[in-house]
Amino acid sequence: QPFAEPGSAGRRREAARSVRIFWHQLLGEQRLFWRSKEAAIFVFILPILLFVLVGSLYGEQIEGHPAGSVLLVGLLCYGVANTAFSGLAIALVVRREGGVLKRVRATPLPATTYFASLLVSTILTFALQAVALVALGYFAYNAELPQRPFAFALALLVGTLAFAGLGLGTAALIRSGEGSSAVVNVLLLPMAFLSGSFGPTRRYPEVLRAIGELLPLKHLVEIVRAVALNHGSLWRPTDLAVLLAWGLGGLLIATRRFRWEPQAA
């Protein structure tokens, strides 16, 4: 452009360079994930195996809906938490305690680019997992496909972002790389049972149902269920408020407590 402002070409080159760095880091994150067999099994394959196990426990219908459809919603929401919360928290703690984050911090790579690539890599991993879960539910358990796929995908994306924020906050609080897996599983598995990821909670004791109402996964399940099973709206103010409050709370903790250097004594 002949009348471009001075320096505009330089800004375009800098923007293009930032994009190249982001894509390079994103590809690196994906390679790191898939090269780790333990991470692939824990994060990617576990929800699929749980679907097979839980699917064998129920009949044809759950609460007036095809059992496969109800279980698909629950296991997708569990997959969100398992990937964006557990997977992200464990990866960051292990990298921090192994000195990887300290070395990354010493490079010219901006922190925002690093975390953005990590977040997008997490979203891509869950997207592949979601496709596998939907295919398994449809072909093996007669689950119905969502009639509002855009709202369905958006609900899962909102959940992924919220649990990623929670994962960052949790990573900032865990001090030991060896104990990171134990800590997140102690948090995630009871939450999944209390939130209805593995089946209805209507027969649970009242106190357990009350605890479940406070947990972010319960509200994600309610949002996705409303969209996928009842063909309702994504806009559920109470459920969204609780879910996003947990995510923002995790981000707030991360901004104050996250460290790049090893923390174990």
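**Cavity.** A cavity here is a set of points on a 1 Å grid over the protein atoms alone, where a 1.4 Å probe fits but cannot get out. Grid points are joined across faces, edges and corners, and a volume is the space filled by probe spheres set on the points. The model is predicted: local features need pLDDT of at least 70, side-chain atom pairs count only at pLDDT 80 or more, and totals for chains, interfaces and linings use all residues. Residues are numbered from 1 along each chain as its sequence is written, and side-chain values use heavy atoms, with hydrogens and water left out.

The largest cavity holds about 70 Å³ of space. I listed its lining, meaning residues with an atom within 4 Å of a point. Among them are Ser 69, Leu 72, Glu 144, Phe 152 and Leu 229. Which helix gives the largest share of this lining? Helix H3 (residues 67-97) does, with four residues. Helices are DSSP runs of H or I, at least four residues long, numbered from the N terminus.

**Helix H3.** I stayed on this helix and picked Ala 81, which is found in H3. Is Ala 81 buried or exposed? Ala 81 counts as buried because its relative accessibility is 0%. Buried means under 20% relative accessible area, exposed over 50%, and partly exposed in between, with a 1.4 Å probe and protein chains only. I then checked Ala 81 against Leu 217: they are 136 residues apart in sequence, yet 7.3 Å apart in space, C-alpha to C-alpha.

**Pocket.** Next I turned to open spaces. A pocket is an open set of points with protein on both sides within 12 Å along at least five of seven lines. The largest pocket has a volume of about 480 Å³. I noted 19 lining residues, of which Phe 33, Ala 39, Gly 87, Ala 91 and Arg 95 lie nearest the centre. Helix H1 (8-35), helix H2 (37-55), H3 and helix H5 (111-141) each supply at least two lining residues. H3 gives the largest share here, with seven residues.

**Aromatic rings.** I searched for ring pairs and got 12. Rings of Phe, Tyr and Trp (its six-membered ring) pair if their centres lie within 6.5 Å; planes under 30 degrees apart count as stacked, over 60 as edge-to-face and the rest as tilted. Phe 33 is buried at 13% relative accessibility, while Trp 34 is partly exposed at 37%. Tyr 138 and Phe 139 have ring centres 5.0 Å apart and planes at 80°, so this pair is edge-to-face too. Tyr 138 is partly exposed at 40%, and Phe 139 is exposed at 68%. I also logged one aromatic cluster formed by Tyr 114, Phe 115, Phe 258 and Trp 260.

**Backbone.** I checked phi angles. Most residues other than glycine have a negative phi. Asn 142 has a positive phi of about 55°. Where does Asn 142 lie? Asn 142 is in the loop between H5 and H6, and is exposed at 63% relative accessibility. His 231 also has a positive phi, near 55°. His 231 lies in the loop between helix H9 (216-228) and helix H10 (237-257), and counts as partly exposed at 37%.

**Salt bridges.** How many salt bridges does the whole structure hold? I found seven. A salt bridge is a side-chain nitrogen of Lys or Arg within 4 Å of a carboxyl oxygen of Asp or Glu. Glu 14 bridges to Arg 17, with the closest N and O atoms 3.5 Å apart. These two are separated by about one helical turn, because they are three residues apart in helix H1. Glu 14 is partly exposed at 42%, and Arg 17 is partly exposed at 41%. Arg 96 forms a salt bridge with Glu 97, at 2.7 Å between the closest N and O atoms. Arg 96 is buried, with a relative accessible area of 1%. Asp 239 forms a salt bridge with Arg 236, the closest N and O atoms being 2.7 Å apart. Asp 239 is buried at 9%, whereas Arg 236 is partly exposed at 31%. I also noted that shared partners join Glu 63, Arg 202 and Arg 225 into one network of salt bridges.
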